[in-house]
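Q: I am new to this structure and would be grateful for a careful account of one part of it.

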Amino acid sequence: MNAIIGTPQPRLDGPAKVTGAARYALDNSRAGMLHAALVLSPVALGRVAAIDDAAVSALPGIRLVMTHRTMPKLEEDKPMQEGGHAHASFRPLESDEIRYHGQPVAVVLADTREQAEYAAGILPVRYEARAGAVAHLPEGAPSEEEVGSLDVGDADAEWEASAVRVTADYEEPAQHHNPIELYGCLAEWDPMGGLTVHVPSQWAGGMRAGIAKSFGLPADKVRVVSPYIGGAFGGKATVLGTTLLACAAAKLAGRPVILQVSRQQGFPTSSFRPAARQHIRLGATAEGKLRAFHYITENQTCRFDNVSFPGGEILARLYDIPGMKIREGLVRTDVNAPGFMRAPAETPAVFAFESAIDEMAVALGMDPVEFRRRNEPAKDPVKGLPWSSRSLLRCYERGAELFGWSQRSHAPRSMTRDGDLIGWGCATAVYPTFISTSSATLRLTSEGRAEVHCSASDIGTGTYTILAQIAADRLGLTPDKVTVRLGDSAFDPANVAGGSTTALASGNAVGKVAEQARAALFQALTEVEEGPFKGMAPASLSLSEGTVRAGNATQSLAEAVSSLPRGKVEATDQWAHPEMPAKQSKMLWRAGSPQGGPDMQSFTALAFGAQFVEVRINPRTRTIRVPRMVGVYAGGKILNPRTAHSQLMGGMVWGLSNALLEASEVDRNHASFVNADMAEYHIAVNADIPALDVEMLEERDDKIGPIGAKGLGEIGITGTAPALANAIFHATGIRVRKLPLRIEDILS
Amino acid sequence: MSEAHHPAAAPPRAVPPAPDGDWPIATLTLRVNGQAHRLAMDTRTTLLDALRDHLGLTGAKPGCNQGACGACTVLIDGKRMNACLTLAVATQGQEITTIEGLAEGEALHPMQQAFIDHDAFQCGYCTPGQIISAVACIREGHAGSAEEIREFMSGNLCRCGAYPNIVKAVQDVAAKGGA
């Protein structure tokens with residue numbers, strides 16, 4: 001072992017990414033490849049009455065116009081939340097039916113992109129539209145289906161007995177991921193009936209299963225390749241309908257097909273964060289001890305699938321509240337299926353809850369940090385289990401110190417600078433530590449190197465680098481002697497790169513196979529005739545700095561591996577947490593996504609952080625500026641402080657963007673997302689981002705697995721929006737309970 | 001039937017018909033990274049698609065095809081431009097530099113190295129455009145302070161949120177004497 005884990009190693013994929021050499025899905029091309037362009041429906045409900053494909057078929061370069069009449073019949077696939085791999089169970093071109101605005105109705109294939117896009121633009125399509133489509137979350141719409149329910153104690157009695165009460169409703173808009181990489185793929189059928197799809201994927205193995213199922217193929221006939229992903233954030237976890245269209249068109253045309261889904265077309269054809277509302281009641285004693293928490297939600301979904309993100313069970317882990325009643329529900333609307341978007345359950349839930357906590361602190365006349373300190377739970381309030389580790393209060397202490405919180409004057413509108421209103425706010429960040437499982441293969445080569453294969457994805461999170469660090473640590477190598485290959489369904493199965501699970505699950509798998517390969521190497525070396533270790537006890541051998549040693553005998557790793565009969569050593573295995581039931585863990589090998597947590601059998605695991613922000617508001621124009629943000633997090637073992645810092649920082653940037661800028665605005669006349677491009681759907685730009693401090697506290701967690709690392713991909717976003725809303729209240733005295741937080745909300 | 005037009009739906013029907021149903025093919029010479037390439041292509045081809053589809057230079061990325069994200073940024077006669085908004089035929093006689101032409105042989109350009117050193121990216125997709133833009137930002141004299149860099153790098157979106165590290169990378173290179 002050496003001290004590589006925990007050091008700020010530069011990204012191993014860095015040189016490829018800064019030189020343009022990294023090959024993303026749409027950077028691939030094939031001889032004879034056709035370019036696909038989509039035609040989308042301008043009506044949200046109805047049917048395709050007629051498509052005059054003859055009008056464009058004769059244009060130069062046009063090879064195929066695929067419509068519902070010619071689309072190959074697909075097998076059904078379920079959405080991921082119901083155990084399948086599809087984004088949505090309803091897929092375009094399977095019939096003439098139109099169920100949402102922007103649903104694809106035709107695919108045009110041509111020799112060049114210019115020809116395909118031109119023809120798609122003029123293809124005559126006649127629609128029979130039906131009125132009544134609704135794409136927004138209607139005001140006051142009740143839940144149509146309950147998807148989450150939790151009771152702790154007697155919430156109603158605690159509420160009645162509470163001396164201080166807060167009742168508030170919160171609301172968040174639909175949002176789209178908008179990774180900078182466009183959606184799309186290159187689909188290629190081979191003469192043996194196999195299909196290779198280059199598609200940006202958070203889950204190569206899962207997408208393979210979904211595509212194979214849809215086309216009625218055995219899984220080994222399909223390969224999904226995705227070594228680099230240009231941003232994912234949950235949007236590339238499942239098989240999109242557009243991916244299936246490209247595969248189907250390639251099958252019909254008998255040629256490889258590349259589909260680049262335009263930015264505008266990506267809005268209706270991909271997944272999104274659904275609009276949501278929360279109704280909260282909090283009750284407390286006059287001394288600031290929480291007693292009651294009621295949480296009722298409505299979450300937008302589509303007509304055909306129940307896509308739900310109940311966040312209540314996470315909120316129930318934040319504070320010691322004896323009475324909790326949580327009911328979470330869905331409202332059906334005429335949209336494509338919503339889906340996972342960075343901290344899908346937690347982002348809206350934590351905004352609402354941590355805003356309400358601040359409202360209660362104000363009602364009590366108490367410092368919001370002190371209020372949280374008084375409600376710190378000694379154990380999991382839901383299950384009564386011990387925490388695997390919990391450092392929320394340490395995060396608050398350190399964050400307050402970094403931020404200078406002690407200088408805060410708590411009354412609203414009491415702080416000004418250069419004529420501007422200044423507001424300081426804080427909020428808890430939280431993300432459950434979902435404990436998944438993963439397999440991996442590690443091979444020691446005759447060059448003295450280690451090769452790691454795993455189908456897990458590096459979506460920019462640093463997976464390539466941390467897996468190399470873990471293998472290097474176990475094998476006494478430097479990370480540059482380790483080759484990590486990821487993002488290919490041909491490799492050993494891993495969980496979806498979602499739920500902040502990859503570092504722990506695949507990290508433990510790599511650590512395990514590295515130890516097995518080392519043990520196998522030692523055993524084999526003691527059996528090499530005339531080798532330096534012949535006849536020694538395997539346990540007496542060691543491996544460090546690329547050299548095998550035992551007593552006075554030494555041999556370089558390259559020579560040692562070369563001396564073995566097969567010239568290599570290989571280990572493949574799965575890591576699963578001992579508290580994961582075997583029935584669940586074996587689903588990994590059946591393209592499942594098994595994960596436990598936050599509560600396991602003997603402990604409950606979550607990562608916590610504390611976020612502090614300053615807002616500066618012009619008293620006349622009410623322009624909101626954010627001069628600084630501080631986030632302090634405890635995430636178990638930090639495997640690589642450099643890449644971990646970037647994940648947390650990126651999460652906070654997402655949080656600011658979520659809080660102040662992002663909304664997919666709905667045109668209620670056409671039931672469409674109206675600001676569907678990057679000029680009108682605003683994400684944070686460089687100039688929006690202030691001084692941003694991220695600090696990671698030491699936290700030891702021996703329960704979650706040998707690597708001891710809690711996921712960090714999502715926690716960074718969670719506390720930012722409530723911290724900003726709380727700071728805006730502090731600056732202005734106006735409580736904004738609806739995202740994004742805008743000038744017009746604080747005019748009065 | 002609804003005739004509603006929307007950016008997410010089909011483009012407008014008012015596209016002029018191509019002459020004789022066909023579109024002119026231009027024969028042109030593109031000078032990219034110091035090399036001249038004689039090419040024939042549809043006159044509608046953007047510089048971005050010409051680089052990617054005709055020359056195999058896939059470092060410049062499509063992100064929006066409307067000049068909003070900056071992932072396709074290249075240098076044209078030393079000025080940073082959105083390759084997606086530039087027609088290839090309009091760049092004849094001009095010198096185009098892409099991310100593939102930035103390094104000197106095996107040695108990384110200082111800005112490429114600075115992006116690695118400061119972890120100024122995560123997924124890496126916007127990175128070629130950011131680096132090209134950052135080089136130009138310094139050459140334009142717009143890297144005098146963090147605030148100025150933030151402003152003049154705001155045409156390049158980074159969805160992973162690496163902005164603070166991008167600013168540090170640009171400051172680092174500027175402090176060491178430029179790009």
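How many residue pairs are in polar contact between domain 2 of chain A and domain 3 of chain A?

A: The count between domain 2 of chain A and domain 3 of chain A is 5 residue pairs in polar contact, with both residues at pLDDT 80 or more. A polar contact is a pair of N or O atoms within 3.5 Å; within protein, one must be able to donate a hydrogen and the other to accept it, and residues adjacent in sequence count only if both atoms are side-chain atoms.

The model is predicted, and local features need pLDDT of at least 70, side-chain atom pairs count only at pLDDT 80 or more, and totals for chains, interfaces and linings use all residues. Residues are numbered from 1 along each chain as its sequence is written, chains are lettered from A and ligands numbered from 1 in the order in which they are written, and side-chain values use heavy atoms, with hydrogens and water left out.

The domain bounds come from an automatic or database domain assignment. For chain A, that assignment places residues 32–132, 180–232 and 236–269 in domain 2, and residues 145–174, 273–433 and 600–746 in domain 3. Taken over C-alpha atoms, the centres of domain 2 of chain A and domain 3 of chain A are separated by 37 Å. In contact (heavy atoms within 4.5 Å) are 22 residues of domain 2 of chain A and 23 residues of domain 3 of chain A.

Between them, domain 2 of chain A and domain 3 of chain A bury about 1,800 Å², and carbon and sulfur atoms give 61% of this area. Buried area is the accessible area (1.4 Å probe) that two parts lose on being put together, summed over both. Of the area that domain 2 of chain A buries against domain 3 of chain A, 33% is supplied by A:Q81, A:R99 and A:F267, more than any other three residues. The number of salt bridges between domain 2 of chain A and domain 3 of chain A is 0, where a salt bridge is a side-chain nitrogen of Lys or Arg within 4 Å of a carboxyl oxygen of Asp or Glu. On the side of domain 2 of chain A that touches domain 3 of chain A, 11 residues are nonpolar, 8 polar and 3 charged. Here Ala, Val, Leu, Ile, Met, Phe, Trp, Tyr, Cys and Pro count as nonpolar, Asp, Glu, Lys and Arg as charged, and the others, Gly among them, as polar.

The interface of chain A with chain B may be set beside this one. The contact involves 78 residues from chain A and 65 residues from chain B, and the two chains bury about 5,700 Å² between them, 57% of it on carbon and sulfur atoms. A:V18, A:I180 and A:N686 supply 14% of the area that chain A buries against chain B, more than any other three residues. Across the interface of chain A and chain B there are 6 salt bridges; B:K61 and A:D27 meet in a salt bridge through their side chains, at 2.8 Å, N to O. The rule also finds 25 residue pairs in polar contact across the interface of chain A and chain B, both residues at pLDDT 80 or more. By class, the side of chain A that touches chain B has 40 nonpolar, 27 polar and 11 charged residues.
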